[in-house]
Amino acid sequence: MPIIRITDVTKVFPPRSRGEAPAPALDGVSLDVEKGDIFGIIGYSGAGKSTLVRLINALEKPTSGTVVVDGIEVSSLAEGKLGKVRLGIGMVFQQFNLFTSRTVWGNIEYPLRVAGVPKEQYQARVSELLHFVGLVDQAHAYPDQLSGGQKQRVGIARALATSPAILLADEATSALDPETTREVLALLKRVNEEFGVTIVVITHEMEVIRSIAHKVAVMENGRIVERGDVFDIFSAPVAEATKRFVSTIVTSVPDGVSLEALRVRHPGRIVTFSFADGSTSQSAVFLTLGAAGIGFELVYGGINEVQARTFGHLTLALTGDDAVVDAALDEIRSVAEVTEVA
Ligand SMILES: Nc1ncnc2c1ncn2[C@@H]1O[C@H](COP(=O)(O)OP(=O)(O)O)[C@@H](O)[C@H]1O
Ligand SMILES: [Mg+2]
């Protein structure tokens, strides 16, 4: 049984103004998250991502469908019984949502006090968390005195205080600069690896998915349009929305202005070879072209690393007799995906 199972969920909010038709925020979404995974959910603003994660800790109830967390159907649980469930689910936010009138220490101890943990016990826990997130020296500082990255580290420590099995991160790095984003993502990765916490990360940035997620679901208009292992999604996206997200960080087949620019410089044939994992097929491509006396120049593309595996798309401008090039491309098709671009 997955730690989170969302089955055929629909969520319709009442219209914000009178006369407006209610559009579903979620429209028949099913999703399983396995224990120990970092599961990414990516989509543009308004796709339904936040609504989906808020179902997991029952901040929202589905209009129809069920949400089961750790064997408990939270979607039908009475509000009074949700407190215990929520202790097992930490949450971090884009705007950190810290208590500005409490110190770093005070923020982290807060959920433990609310949960009624005895003082001797929670002091040890707060101290341990401060070490884990690297904020021992800031224990008595107030949030206003911290950088964005430090604030988010407090947010993460606070979310972990009650030792939850699940952490929900809703755009946790979206307010941070790229360098700080990397630090916070590295911290989330440690949370997953060292504590075995299952993490659901929501983002609109593919780099977040690439750097920490194991699995990903792509959302559009309240639906999941594609899902799978992060490597598979990056190396061979199928849905249009997925392709758009992947293209933000992966150069694959040149098109649009990139292609026009290439065309001007290279009047001959332009061909993209796609590879996944290992370079033996790359050797085969270059050997075949060389043996056939075909001239080639690498003009576009690159190799990408996802989940410690590599894939890439290399675009070459070829010069040689058409029939010879055709024969070579036919031979290469058995070892690499070949796309003739122009
Ligand atoms: N409390 C609410 N009341 C009415 N509409 C809402 C509410 N929360 C979200 N929505 C609508 O649901 C859709 C999905 O929103 P949301 O889940 O926040 O998307 P995302 O997090 O992907 O940006 C949007 O059209 C949004 O306007
Ligand atoms: Mg959102």
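This is a predicted model: local features need pLDDT of at least 70, side-chain atom pairs count only at pLDDT 80 or more; totals for chains, interfaces and linings use all residues.
1. Strands are DSSP runs of E with at least two residues; helices are runs of H or I with at least four; both are numbered from the N terminus. Two strands pair if DSSP finds at least two bridges between them. Strands of a sheet pair through backbone hydrogen bonds, either parallel or antiparallel.

2. One pair in detail. Strand E4 (residues 64–69) and E5 run antiparallel, joined by two bridges. Look for Val68: Glu73 of E5 stands opposite.

3. Ground rules. Residues are numbered from 1 along each chain as its sequence is written, while chains are lettered from A and ligands numbered from 1 in the order in which they are written. Local features need pLDDT of at least 70, side-chain atom pairs count only at pLDDT 80 or more, totals for chains, interfaces and linings use all residues, and side-chain values use heavy atoms, with hydrogens and water left out.

4. The six-stranded sheet. A second open sheet runs E6-E7-E8-E3-E9-E10, with mixed pairing. E6 (89–93) and E10 (223–229) are the edge strands. Strand E9 (residues 215–220) pairs with E10 in the antiparallel sense, over six bridges. There, Val216 stands opposite Gly228.

5. Helices on the sheets. Helix H1 packs on the six-stranded sheet, touching E3 (38–42), E6, E7 (166–170), E8 (198–203) and E9. Its direction makes about 160° with that of E8. Contact means heavy atoms within 4.5 Å. Axes are lines fitted to C-alpha atoms, for helices over the stretch in contact, and angles run from 0 to 180 degrees between N-to-C directions. Helix H9 (residues 240–247) lies across E3, E9 and E10, running at about 115° to E9.

6. The ligand. Residues around ligand 1 (a heavy atom within 4 Å) include Phe13, Arg16, Tyr44 and Thr51. H1 gives the most to this shell, with three residues. Now the polar contacts (N or O pairs within 3.5 Å). A backbone N or O atom of Gly46 lies 2.6 Å from a ligand 1 oxygen. For a backbone N or O atom of Ala47, the distance to an oxygen of ligand 1 is 3.1 Å. A polar side-chain atom of Lys49 lies 2.8 Å from an oxygen atom of ligand 1.

How values were computed:
A polar contact is a pair of N or O atoms within 3.5 Å; within protein, one must be able to donate a hydrogen and the other to accept it, and residues adjacent in sequence count only if both atoms are side-chain atoms.
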